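Try each one yourself before reading its solution.

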Amino acid sequence: MTERLLVLVRHGQSEWNLKNLFTGWKDVDLTAQGIAEAKQAGGKLKARGIKFDVAFTSALKRAQKTLDLVLVEMGERKIPIFKDQALNERDYGDLVGLNKDDARKKWGDEQVLKWRRSYDIAPPGGESLKDTVARALPYFVQGILPRVLRGERTLVSAHGNSLRALVMVLERLSPQSILKRELATGVPILYRLNADSTVSETVDLAA
């Protein structure tokens with residue numbers, strides 16, 4: 001029987017997560033906690049006896065480093081890895097580098113909330129979640145999903161919003177529902193798929 005396994009993991013805590021800054025495409029590194037979270041993710045996957053055939057990540061080092069740490073922890077060092085900016089975090093435009101509290105003082109709580117939690121309202125110079133879905137989803141459908149369906153056990157290490165684009169399709173969530181879907185840093189979500197790409201099992205490997 002073909003095992004159609006897909007595991008999604010959001011990168012471990014980054015330096016700007018810790019500082020409460022809008023990060024977007026800024027290429028920041030993991031914190032010590034983020035490194036520990038990535039290793040724990042690898043340990044959880046190893047404990048379940050999971051092996052991977054291929055992995056995908058973004059063009060940003062916090063996701064790439066998380067992937068490397070997960071695979072090292074699992075003893076998986078030789079699988080092919082594909083990196084693409086289609087899986088990058090949502091671009092927050094003019095908000096990048098700003099403290100979220102300072103942004104609220106500048107633009108007001110309601111406006112910042114709209115930028116952060118609306119599906120199709122983008123911050124100045126940046127992307128909405130809808131824009132992020134528009135670049136991440138075609139990459140998933142064309143590059144990742146076919147491998148899963150033919151039995152390649154697949155790991156994707158990416159970001160909160162680019163992963164939301166994939167979760168939205170996998171879990172058949174509405175644009176309103178996906179906004180409420182929180183993805184914790186360093187926590188793998190395991191999906192087993194049917195031949196028609198619907199999900200037969202979802203396991204959140206939170207501690």
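**Exercise 1.** What radius of gyration would a compact globule with 207 residues have, and what does the protein chain have?

*Solution.* Keep in mind that this is a predicted model.
- Step one: for 207 residues, the compact-globule expectation is near 17 Å.
- Step two: the protein chain comes out at 17 Å, so the value agrees with that of a compact globule.
- Step three: for the extents, the C-alpha trace spans about 55 × 35 × 30 Å along its principal axes.
- Step four: look inside. Of the 207 residues, 50% count as buried. Take the contacts with a separation of 6 or more: 74% of them come from residues 24 or more positions apart.

**Exercise 2.** Work out the order of the secondary structure elements in the protein chain.

*Solution.* 
- Step one: count up the elements, which gives eight helices and six strands.
- Step two: walk from the N terminus, and you read β-α-α-β-α-β-α-α-α-β-α-α-β-β.

**Exercise 3.** Why is strand E1 (residues 5–10) largely enclosed by the rest of the structure?

*Solution.* 
- Step one: check burial, taking under 20% relative accessible area as the cut-off. Six of the six residues in E1 are buried, so the strand is largely enclosed by the rest of the structure.
- Step two: sort the side chains by direction. Leu-5, Val-7 and Val-9 point one way, Leu-6, Leu-8 and Arg-10 point the other way, and all are buried.
- Step three: find the strands that pair with E1. Strand E4 (residues 154–158) runs parallel to E1, joined by five bridges, with Val-156 as the bridge partner of Leu-8. Strand E5 (residues 189–193) pairs with E1 in the antiparallel sense over four bridges, and there Tyr-191 stands opposite Leu-6.

**Exercise 4.** Which residues lie nearest the centre of the largest pocket, and which helix gives the most to its lining?

*Solution.* 
- Step one: get the volume. The largest pocket holds about 340 Å³ of space.
- Step two: list the lining. There are 21 residues, and Arg-10, Glu-89, Tyr-92, Lys-100 and Arg-116 lie nearest the centre. Arg-10 is also one of the buried residues of E1.
- Step four: assign helices. H1 (15–18), H5 (109–117) and H7 (160–170) each supply at least two lining residues, and H7 gives the most, with three.

Terms used: Residues are numbered from 1 along each chain as its sequence is written. This is a predicted model: local features need pLDDT of at least 70, side-chain atom pairs count only at pLDDT 80 or more; totals for chains, interfaces and linings use all residues. Side-chain values use heavy atoms; hydrogens and water are left out. On a 1 Å grid over the protein atoms alone, a cavity is a set of points where a 1.4 Å probe fits but cannot get out, and a pocket is an open set with protein on both sides within 12 Å along at least five of seven lines; lining residues have an atom within 4 Å of a point. Grid points are joined across faces, edges and corners, and a volume is the space filled by probe spheres set on the points. Buried means under 20% relative accessible area, exposed over 50%, partly exposed in between (1.4 Å probe, protein chains only). Two strands pair if DSSP finds at least two bridges between them. The radius of gyration is taken over C-alpha atoms; the globule rule is 2.2 Å times the number of residues to the power 0.38. Contact means heavy atoms within 4.5 Å.
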